[in-house]
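This briefing sets out selected features of the structure shown below, grouped by topic.

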Amino acid sequence: MAVEASKVPQITLNTGDKVPCIGMGTFGSDRFDAKQVSEAVAGGIRAGYRMFDCAACYGNEKEIGEVFQAAFDEGIVERKDLYIMTKVWNDMHREVEKSCRKSIADLRCDYIDLFYIHWPFPNYHAPHCDVDSRNPDSRPFSVKEFMDTYRQCEALVDKGLIRHIGISNMTIPKLNAVIGQFRIKPAACELELHPCFQQQEIFDYLRAHDIQPVGYMPIGSPQRPERDMEPEDIADMQVPEFAAIADKYGVHPAIIALKWAMQRGQIPIPFSIHNYEANLEAAVTEPLTEEEMNIIATLEKNNRLVKGQVFLWPGADDWHALWDEDGVIVDCTDA
Ligand SMILES: NC(=O)c1ccc[n+]([C@@H]2O[C@H](COP(=O)([O-])OP(=O)(O)OC[C@H]3O[C@@H](n4cnc5c(N)ncnc54)[C@H](OP(=O)(O)O)[C@@H]3O)[C@@H](O)[C@H]2O)c1
């Protein structure tokens, strides 16, 4: 069932923009090709989605751009009706404008609404790589390097290529090191958020600084790439308390995860080939009760799914080094 886009509740960003409280993810997780993902985007626009989370490294911006173009040509939406987000990939931190211009051309969208720095360091991995893949050029976070990348984004705002800047995969220590240096404040931060990985501390930090949390993997990404699957990972949707709430409403637990996310205040960006209509409906149907919200708050299990092993630099102990868990930026020399 389509949802009238104007009925989807909105969130006001620190820029004054009003954006939908839910968007659609477009990462095919190395399992779904560009055609499948772009067909979901086409269906998503018809279903009432207006916010799309893209990225250069997802390898499908050209096909998604064809879908946007068709939607404009057919008069289904105008450019201004869509909120298009994309990201500069780690190997383009020294050429942000080039990356941005390519995304704009591929997505056929004239400008980007929210342009993210996908990861806060230039460490990249090849598409479809496995968990043991390492790039010898990878290095720890550097305030100077990050701010150089950020300054390039600020210049893109000045040039009208992007409207707003986003950051992603940050930690509180990294944020503390750069937060006083922005000329143009970031509007949003993308981070992993699902019922068993709530990241309360950074969530509160972002809200306190009026930076909108955008939650990726809101359903616990059951089909994430092989490299992000570890035996100890918890399947969020199968946690009994959670399944019990879903039973009460007679819906898939995914719908409860999305309701929880929206009511908590993050913008979830679920990916779906088969269930995107139901996911959007979650924004306009009966909300969870306070009691249910409180039960879900207790389901936190530190269940980080994107550990990021492939971004590790030579000499780093293990993936925990990426997340600054002791409150200092690991191996950073200029914080
Ligand atoms: N900034 C970053 O570094 C970063 C990292 C990861 C992801 N992201 C973004 O976040 C988006 C979402 O993350 P994700 O795709 O990994 O995970 P996700 O949205 O948590 O999970 C997607 C999976 O859930 C299933 N699903 C969705 N709705 C469902 C429903 N109502 N009932 C049953 N199953 C359902 C989908 O299967 P069906 O297709 O069968 O519905 C799909 O396999 C990505 O697409 C990407 O845009 C950003």
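In this predicted model, the shell around the ligand draws at least two residues from each of α8 (253-264) and α9 (276-281).

**Ligand surroundings**
- The ligand is surrounded by 31 residues, and the closest are G25, Y216, I219, S221 and F271.
- By residue class, this shell holds 14 nonpolar, 14 polar and three charged residues.

**Nonpolar core**
- The largest nonpolar core has 86 residues, of which F52, I84 and F115 touch the most other members.
- Beyond its neighbours within four places in sequence, F52 is in contact with G23, M24, T26, V41, L82, I84 and M85.

**Sheet and packing helix**
- An open sheet of eight strands runs in the order β3-β4-β5-β6-β7-β8-β9-β10, with parallel pairing.
- At its edges are β3 (24-25) and β10 (267-268), each of which pairs on one side only.
- Five bridges join β8 to β9 (residues 212-216) in the parallel sense, and A188 has Q212 in β9 as its bridge partner.
- Helix α4 (residues 143-159) lies across β6 (112-117) and β7 (162-168), and runs at about 160 degrees to β7.

**Residue F182**
- F182 is located in the loop between α5 (172-178) and β8 (188-192).
- F182 counts as partly exposed because it has 15 C-beta neighbours inside 10 Å.
- A distance of 8.0 Å separates the C-alpha atoms of F182 and Y150, which are 32 residues apart along the chain.

Definitions and conventions
Residues are numbered from 1 along each chain as its sequence is written. This is a predicted model: local features need pLDDT of at least 70, side-chain atom pairs count only at pLDDT 80 or more; totals for chains, interfaces and linings use all residues. Helices (H or I, at least four residues) and strands (E, at least two) are DSSP runs, numbered from the N terminus. A residue is buried if 20 or more other C-beta atoms lie within 10 Å of its own, exposed if 12 or fewer, and partly exposed in between; C-beta atoms are placed from the backbone. A residue is near a molecule or strand if its C-beta atom, placed from the backbone, lies within 6 Å of it. Ala, Val, Leu, Ile, Met, Phe, Trp, Tyr, Cys and Pro count as nonpolar, Asp, Glu, Lys and Arg as charged, and the others, Gly among them, as polar. A nonpolar core is a set of buried Ala, Val, Leu, Ile, Met, Phe, Trp, Tyr and Cys residues joined through C-beta atoms within 7 Å. Two residues are in contact if their C-beta atoms, placed from the backbone, lie within 7 Å. Two strands pair if DSSP finds at least two bridges between them. Axes are lines fitted to C-alpha atoms, for helices over the stretch in contact, and angles run from 0 to 180 degrees between N-to-C directions.
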